[in-house]
Amino acid sequence: MVVVMQEGAEESQIQKVIDRLVSMGFIVHRSSGVMHTVLGGVGPVGDVDPIEFEVMDGVKECHRIVSPYKLASRHFRPGGTVVKLNGVEIGGNQIVMMAGPCSVENRDQIEQAAEIVAGGGAKVIRGGAFKPRSSPYSFQGLGEEGLRMLREAADRHKLLVVSEVMDQTQIPLLMEYADILQVGARNMQNFNLLRELAKVRKPVLLKRGIAATFEELLLSAEYIMAGGNYDVILCERGIRTFETYTRNTMDISAIPIIHKLSHLPMTADPSHGTGRRDKVAPMARASVAAGADALLIEVHCNPDKALSDGAQSLFPEQFAKLMDELRMIAPAVGRKI
């Protein structure tokens with residue numbers, strides 16, 4: 001159930017509606033926008049007639065949300081969500097670039113990467129300290145040491161940090177070093193992890209699973225939001241199909257579809273979406289044209305010697321060229337980089 005208050009509704013009127021919802025068994029989530037306050041009630045919708053709320057003072061309209069995801073639905077925040085973090089806004093007019101290596105390998109490598117991506121115009125540096133690899137023999141990351149290197153390099157170049165959390169025991173460590181906590185595709189439906197991330201007060205970048213539907217992605221976001229953390233950023237990173245030419249199939253259509261279904265910002269990850277360096281730039285350009293709010297790009301100072309995902313990492317000069325191209329495309333769709 002969503003109750004939209006009138007513009008300028010008094011706080012006492014809003015509180016009466018909240019009290020009424022609570023008395024009827026609803027859990028209430030409040031969203032205060034520039035024009036209206038929206039109250040999202042999760043509870044026994046089938047037993048409630050919306051007109052009971054529409055006749056209350058200060059109420060503009062009330063309607064049921066029929067989709068299984070309530071808080072992630074576009075109805076909850078029709079104007080969209082902008083995740084704000086230290087002067088960076090994800091979901092606003094500016095497209096935010098998040099770039100860096102797949103994993104932190106050593107101090108020199110991450111320092112060079114930070115200099116490269118900051119110089120190109122990125123606002124956030126990405127880098128994994130804990131790496132979920134398909135093979136147990138592959139490089140698994142440097143752990144806390146890697147996070148410390150990543151944080152120090154980011155601070156020197158005035159960048160924010162996004163890094164992956166693999167299970168709930170790592171949350172306190174990531175909270176200390178990262179600005180955005182990333183949930184990888186393999187963990188999109190790790191509901192225990194999502195419940196714990198609902199308790200933190202830092203943004204969560206939630207990647208779509210390799211075989212997940214849009215509804216499943218939004219329901220995973222719902223787990224985080226239902227616990228009180230509304231700063232969720234969604235990410236399309238490619239899905240698994242029968243095609244083998246690319247690592248995954250980059251689903252560009254996910255960007256406008258999710259924007260229609262949900263108010264949450266949408267990120268595109270063409271590096272994982274294709275797994276091929278020569279296809280990253282075309283998919284990044286297409287993502288901007290399709291309405292992506294942010295891009296997640298893998299960049300390495302020497303991709304041929306990268307310990308993980310070198311084949312999909314851009315060389316520094318390729319990243320600089322891509323940024324120039326995106327700065328030309330963004331204005332055509334009313335955005336800027």
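1. Let me begin with a crossover. Strand β12, helix α8 and strand β13 form a β-α-β unit that is right-handed. Please keep in mind that this is a predicted model. Within the unit, β12 and β13 are parallel and are joined by three bridges. Helix α8 covers residues 254-261 and lies across β12 (232-236) and β13 (266-268), with its direction at about 170° to that of β13.

2. Strand β11, helix α7 (residues 214-226) and β12 make up a right-handed β-α-β unit. Four bridges link β11 (residues 204-207) to β12, again in the parallel sense. Here K207 is the residue opposite C235 of β12.

3. How many of the five residues of β12 are buried? Five of the five are, so the strand is largely enclosed by the rest of the structure. As for directions, V232, L234 and E236 point one way from β12, while I233 and C235 point the other way. In a regular strand, side chains alternate between the two faces of the sheet. Note that E236 is on the buried list together with V232 and L234.

4. Now for the wider setting. The strands β7-β8-β9-β10-β11-β12-β13-β14 make a closed barrel of eight, with parallel pairing. From one strand to the next, the twist averages 25°. Helix α4 (residues 144-156) packs on the sheet, where it touches β8 (124-126) and β9 (160-164), and its direction makes about 160° with that of β9.

5. The pairing of β7 with β14 deserves a look too. Strand β7 (residues 96-100) and strand β14 (residues 294-298) run parallel and share five bridges. Among the partners, G100 is bridged to E298 in β14.

6. My last stop is H300, in the loop between β14 and α11 (316-329). Is H300 buried or exposed? Its relative accessibility is 5%, which means that H300 counts as buried, the cut-off being under 20%. The H300 side chain makes a polar contact with the side chain of E105 at 3.2 Å. A polar atom of the H300 side chain also lies 2.8 Å from the backbone nitrogen of N302. Leaving aside neighbours within four places in sequence, the residues in contact with H300 include P101, Q109, A306 and F315, along with E105.

Methods: Residues are numbered from 1 along each chain as its sequence is written. This is a predicted model: local features need pLDDT of at least 70, side-chain atom pairs count only at pLDDT 80 or more; totals for chains, interfaces and linings use all residues. Side-chain values use heavy atoms; hydrogens and water are left out. Two strands pair if DSSP finds at least two bridges between them. Helices (H or I, at least four residues) and strands (E, at least two) are DSSP runs, numbered from the N terminus. Axes are lines fitted to C-alpha atoms, for helices over the stretch in contact, and angles run from 0 to 180 degrees between N-to-C directions. Contact means heavy atoms within 4.5 Å. Buried means under 20% relative accessible area, exposed over 50%, partly exposed in between (1.4 Å probe, protein chains only). A polar contact is a pair of N or O atoms within 3.5 Å; within protein, one must be able to donate a hydrogen and the other to accept it, and residues adjacent in sequence count only if both atoms are side-chain atoms. A crossover is right-handed if, with the strands pointing away from the viewer, the path from the first strand over the helix to the second runs clockwise.
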